[in-house]
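Have the model open as you read.

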Amino acid sequence: MKYTDISEIVLHGEKLEGSEVTVAGWVRTARDSKTMAFIALNDGTCLKHLQLVINKAEFPEEALSPCLKNGVSLEAEGVVVPAVAAGGGHEVNVTSLSLIGDCPQDYPLQKKRHSLEFLRTIPHLRVRTNTFNAMLRVRSKVSFALHRFFQERGYTYIHTPIITGSDCEGAGEIFRVTTNGYEDAKLAKDEAEYIAKDFFRRKAGLTVSGQLEGEVAAMAMGKIYTFGPTFRAENSNTPRHAAEFWQIEPEVAFAKLPDIIKVAESMIKFVISAVLEECSDEVDFFERAFEKGLRAKLESVVASDFAVLDYTDAIDILKKADVEFAYPVEWGLDLQTEHERYLTEQVLGKPVFVTNYPKKIKSFYMKQNDDGKTVAATDLLVPGVGEIIGCSEREADYDKLLSAMTERGMNLDDYKGYMELRKYGTVPHSGFGLGLERILMYVTGIGNIRDVQLYSRTTGDLMA
Ligand code: 4AD
Ligand code: MG
């Protein structure tokens with residue numbers, strides 16, 4: 001490639017001082033004075049723009065003016081020099097300039113700052129804003145840091161199926177996968193016939209979680225993790241729920257709940273340290289644009305111990321709270337986002353693992369505690385977002401698992417293999433799911449899940 005990454009010049013310019021470079025990118029802003037012109041060029045390799053300095057006397061007007069427009073793509077050659085303006089850094093004194101792609105006046109990104117709502121209407125262009133430039137880089141770094149965390153600790157990366165026949169969370173939020181159409185439905189005499197004619201000859205759906213297959217892998221590989229897209233047909237139109245989101249799901253054989261809590265805490269700290277180290281400019285940007293105190297928050301998460309709070313104690317605290325909650329607080333009811341945020345923001349001021357939830361509100365696979373009422377499960381709640389991790393020790397006892405599934409009226413045929421894991425060499429094991437978009441919201445301060453994905457999928461809106 002003949003082009004030098006703009007990040008090389010902007011972030012490590014001293015190495016290139018005095019040398020000739022060729023760069024290519026999109027014009028973010030262009031300024032023009034009597035004798036000089038200045039272009040801020042971005043090629044996506046870093047958040048900062050490269051300043052191109054142009055001595056107008058050296059360029060014919062008809063070659064220069066098409067390049068001084070917001071949004072055009074161009075190529076420039078020149079010499080790397082220390083920036084003239086205060087603040088340090090490097091810029092390029094341009095010797096040759098050529099337009100690659102024009103950008104007419106109706107280009108929607110004319111203003112300095114657009115609302116996130118407006119940007120959602122132009123997903124193909126919003127990537128060219130500072131917000132998406134920074135978010136996508138942080139997303140990439142966070143993903144890679146997650147891989148690094150598990151790879152460095154001997155976990156095997158497993159690819160679990162996207163199309164499944166089982167409902168891991170048992171919440172009925174499955175997107176159906178079918179090749180049957182409207183006509184097939186009309187011709188079938190009943191549901192059984194309709195399904196028998198379908199591609200898999202049985203009901204299939206998009207996975208809501210790789211956990212069940214992850215457990216299969218962990219029962220041979222010991223420590224595994226999955227990292228992939230998961231899908232939920234949740235009809236809730238909230239800033240935190242997407243129909244398509246990414247989950248990282250480790251599963252660890254021979255681990256009990258306190259063991260897996262330690263893994264989760266060190267993973268979160270590892271990822272946040274990576275963001276602070278590798279995305280410092282982005283953190284500064286998000287601090288300015290989205291969340292005052294962001295850097296201090298992230299630093300304090302790395303430095304502090306997370307709290308652990310029993311669900312029963314959490315209910316006591318919420319009942320005594322001097323706050324009017326919209327949803328009722330009662331032992332046995334699930335915590336709502338407002339309750340989660342109160343606990344983590346007002347009471348503890350840091351991330352908290354809420355443990356031992358009532359079994360009635362949690363999934364069938366969770367280990368039943370001896371009290372007969374609760375399960376060895378925990379959610380990690382963080383200020384500003386609420387739940388980012390769902391975690392549990394799994395029920396490793398065949399009979400107890402069977403009774404939990406029977407109580408829920410589940411179709412046991414769909415889970416035969418899963419149940420047999422408890423028959424052939426069962427071991428205690430635990431795992432969790434971290435929502436990638438949730439942790440991105442936490443580390444960027446971006447308040448809506450629709451803005452931490454390239455394209456978001458939410459009820460009623462298949463962004464395109
Ligand atoms: O708490 P959940 O439902 O747990 C599971 O799916 C387990 N099977 C995970 C496991 O133990 N392997 O989901 C896990 C996490 C949540 O804490 C949240 O961060 C994220 O996935 N999540 C969502 N993120 C965005 N949009 C949604 N609709 C989400 N639903 C869950
Ligand atoms: Mg959950």
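## The pocket

On a 1 Å grid over the protein atoms alone, a pocket is an open set of points with protein on both sides within 12 Å along at least five of seven lines. A molecule sits in a pocket if more than half of its atoms lie within 2 Å of its grid points. Ligand 1 sits in the largest pocket.

This is a predicted model, where local features need pLDDT of at least 70, side-chain atom pairs count only at pLDDT 80 or more, and totals for chains, interfaces and linings use all residues. Residues are numbered from 1 along each chain as its sequence is written, ligands are numbered from 1 in the order in which they are written, and side-chain values use heavy atoms, without hydrogens and water.

## Around the ligand

Of the 24 residues around ligand 1 (a heavy atom within 4 Å), those that come nearest are Glu-169, Gln-211, Glu-234, Glu-249 and Glu-387. By class, this shell has eight nonpolar, eight polar and eight charged residues.

Which backbone atom lies 2.8 Å from an oxygen atom of ligand 1? A backbone N or O atom of Ile-388 does.

## A salt bridge

In a salt bridge, a side-chain nitrogen of Lys or Arg is within 4 Å of a carboxyl oxygen of Asp or Glu. The count comes to 25 salt bridges. One of them joins Asp-102 and Lys-69 (2.7 Å, N to O). The pair ties together parts that are 33 residues apart in sequence, because Asp-102 lies in the loop between β5 (90–101) and α3 (116–120) and Lys-69 in the loop between α2 (61–64) and β4 (73–82).

Definitions and conventions:
A polar contact is a pair of N or O atoms within 3.5 Å; within protein, one must be able to donate a hydrogen and the other to accept it, and residues adjacent in sequence count only if both atoms are side-chain atoms. On a 1 Å grid over the protein atoms alone, a cavity is a set of points where a 1.4 Å probe fits but cannot get out, and a pocket is an open set with protein on both sides within 12 Å along at least five of seven lines; lining residues have an atom within 4 Å of a point. Ala, Val, Leu, Ile, Met, Phe, Trp, Tyr, Cys and Pro count as nonpolar, Asp, Glu, Lys and Arg as charged, and the others, Gly among them, as polar. Helices (H or I, at least four residues) and strands (E, at least two) are DSSP runs, numbered from the N terminus.
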